[in-house]
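Student: I have a model open and would like to learn how to read its features. Can we go through it step by step?

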Amino acid sequence: MSSTPSLIHRQHLLPALALLLALSLLLSCGVLDERQEPAPTPTASAPVSSPAATSTADPTAPVTSPTPASETLPTTVAPAPDPGPAPAFPGLDALADYATAAEGDPEAVAAAVRAWGMEPQAGPSLSAMAQDRIVVAADLTGDGQEELIVLTSNPVPQTISGEGNLTIMSAGADRYEVQFDALTDGASEGLVSLLAVQDINGDGRSDVAYASESCGAHTCMADVRVLSYQSDDYLQLASGITAAYPDLLALEDRDGDSVMEIVVHGNVIGSVGAGPQRASTLVYRLLEGRYRLSEVEYDPSDLLYFRVVDGNIALAQGTINEAIAIYTEVIQNDSLQASGVFATPEEEVDALRSFARFRLIVAYAMQEEPSTGRELALIRAEAGPFVPAAEAFWAGYAETRSIEAGCAAVAEVAEIRPEMLDLLNSYGYANPFFTELDLCRGTGTGLPEPVAAGLDPGSCAGCG
């Protein structure tokens, strides 16, 4: 009799335990969420379908998930303000007004520039090097707030080569203000191209490198500039860097000091009057706060004239052994070509070799070598057009062994025998121009400054 109640108790307890176990499994699998509100009790007007009933949903309809209650719906982005009618170029006030209305959005400002027809254009030489950007946002002042760098061009230019501008705008207390524009900063007229926005001078802030290019009847010239914010103002670190038809404008840290060098290649003038030319690579370094030309490397050339120029450079810089080797090559190397400037190739070759023999006399004298007398005998035997210069140098040098005295004598004879200078000055305005003072050991005027470095023009009278 005592076992009957226990059996009944177990019969009632087992179903309850099974139900609890099933609920626990459902909760652990995420099928039921204890945070969900209980489903409403079905009424007679809304009968509950039997589990065996077939679904009538369209199987091809896309399945969409309900938006979670905690997810914030995206806000509507306000459209960019209407740019309105195009202002007269350069439209500085309109740019500042629009940047203020657009809250400094670079894409909106770029769209306004396009709508006004002021989209920037690159000059013919700079198109491959210019950044294809209308607006660039960058912190140029180091205050954590980005400035807007805007490139524009005049849709109705007043010059054949076009007009462009670079503008920098900063956000003030209640509006954007133009802090810089290239048109009023002394840059040459022409289309403006953005070359780089990066730390160029190594101070940790972004700088702006740009160039304007203008074209004349024969030649396009690029004016390269570097703009840096210092002492509450935008300062030009580079100005006066001008290159004809540049095919390379690059910023390179060549010496690993985190300061960029400006590298320019090209410099060939497209005019017959400029004479024969060879391209060159110019390297500018930041020295005492300004970019200055520090290296010049000429492209190879097989013209006899340019080897003479190379010899003149070596002599003026005091690398006398190099000068002697080059002048000797001019005299002996038959593979070097005439430029075509003279009436016949033979006339040009004879003149340049005569000049090289004269310069060898000067070079050997600078080394105090006995070869000077031998070279004098050779030039006398050749009877070339520069024999008077050689004779004058030897006359001034022989008694005192003074290079200065010899060169002073050369300058005097050049005044009464100007045909010697005429020969050297026949190569066009892109090449060196010689005066009486240059004839003895100078390079002539017109070469880049570092090329002729090493000779103090005030060290002697008439030594050139």
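Student: Is Ser231 buried or exposed?

Tutor: Remember that this is a predicted model. Exposure is read from relative accessible area, and over 50% counts as exposed. Ser231 has 72%, so Ser231 is exposed.

Student: Where does Ser231 sit?

Tutor: Ser231 is in the loop between β7 and β8, and β8 covers 233-244.

Student: What is the phi of Ser231?

Tutor: Start with the general idea. Most residues other than glycine have a negative phi. Now the case here. Ser231 is not a glycine, yet its phi is positive, about 55°.

Student: Which other residue has a positive phi of about 55° although it is not a glycine?

Tutor: Arg401 does. Arg401 lies in the loop between α8 (387-398) and α9 (403-416). Its relative accessibility is 54%, so Arg401 counts as exposed.

Student: And peptide bonds?

Tutor: Most peptide bonds are trans. Here a cis bond joins Phe89 and Pro90, with omega at about 10°. Pro90 belongs to the loop between α1 (3-28) and α2.

Student: Back to β7. Which residues does strand β7 span?

Tutor: Strand β7 covers residues 220-230, and Gln230 is in it. Arg225 is found in strand β7 too.

Student: Is Arg225 buried or exposed?

Tutor: The cut-off for buried is under 20%. Arg225 has a relative accessible area of 7%, so Arg225 is buried. Its side chain also has a polar partner: a contact of 3.4 Å joins the side chains of Arg225 and Asp223.

Student: How is Gln230 classed by relative accessible area?

Tutor: Between the two cut-offs a residue is partly exposed. Gln230 has 26%, so Gln230 is partly exposed.

Student: Which side chain makes a polar contact with the side chain of Gln230?

Tutor: That of Ser228, at 3.2 Å.

Student: What does Gln230 touch once neighbours within four places in sequence are left aside?

Tutor: Gln230 is in contact with Asn201, Arg205, Leu235 and Leu237. Gln230 and Asp203 are 27 residues apart along the chain, and their C-alpha atoms are 9.8 Å apart.

Student: Which residues are in contact with Ala279, beyond neighbours within four places in sequence?

Tutor: His265, Gly266, Val268, Tyr298 and Asp299. For a C-alpha separation, take Asp247. Asp247 and Ala279 are 32 residues apart in sequence, and 10.0 Å apart in space.

Student: Now helices. How are two packed helices described?

Tutor: By the angle between their axes and the distance between the axes. Take helix α2 (residues 92-101) and helix α3 (residues 106-115). Their axes come within 9 Å and cross at roughly 140°. That makes α2 oblique to α3. The crossing of α2 past α3 is right-handed.

Student: Which residues meet there?

Tutor: From α2, Leu95, Tyr98 and Ala99; from α3, Ala108, Val109, Ala112 and Val113. The contact of α2 with α3 has seven nonpolar residues, no polar and no charged.

Student: At what angle do α5 and α6 pack?

Tutor: Helix α5 (residues 320-332) and helix α6 (residues 345-366) pack at about 155°, with axes 9 Å apart. That makes α5 roughly antiparallel to α6. Their crossing is left-handed. On α5 the contact residues include Ile320, Ile324 and Tyr327; on α6 they include Leu352, Arg353 and Ala356. The contact divides into eleven nonpolar residues, two polar and three charged.

Student: Last, the whole chain. How many helices and strands does the chain have?

Tutor: Ten helices and twelve strands. Of the 464 residues, 41% are buried. Residues 24 or more positions apart account for 52% of them.

Terms used: Residues are numbered from 1 along each chain as its sequence is written. This is a predicted model: local features need pLDDT of at least 70, side-chain atom pairs count only at pLDDT 80 or more; totals for chains, interfaces and linings use all residues. Side-chain values use heavy atoms; hydrogens and water are left out. Helices (H or I, at least four residues) and strands (E, at least two) are DSSP runs, numbered from the N terminus. Buried means under 20% relative accessible area, exposed over 50%, partly exposed in between (1.4 Å probe, protein chains only). Contact means heavy atoms within 4.5 Å. A polar contact is a pair of N or O atoms within 3.5 Å; within protein, one must be able to donate a hydrogen and the other to accept it, and residues adjacent in sequence count only if both atoms are side-chain atoms. Axes are lines fitted to C-alpha atoms, for helices over the stretch in contact, and angles run from 0 to 180 degrees between N-to-C directions. Angles under 35 degrees count as roughly parallel, over 145 as roughly antiparallel, 65 to 115 as roughly perpendicular and the rest as oblique. A crossing is left-handed if the near helix is turned anticlockwise from the far one by less than a right angle, and right-handed if clockwise. Ala, Val, Leu, Ile, Met, Phe, Trp, Tyr, Cys and Pro count as nonpolar, Asp, Glu, Lys and Arg as charged, and the others, Gly among them, as polar.
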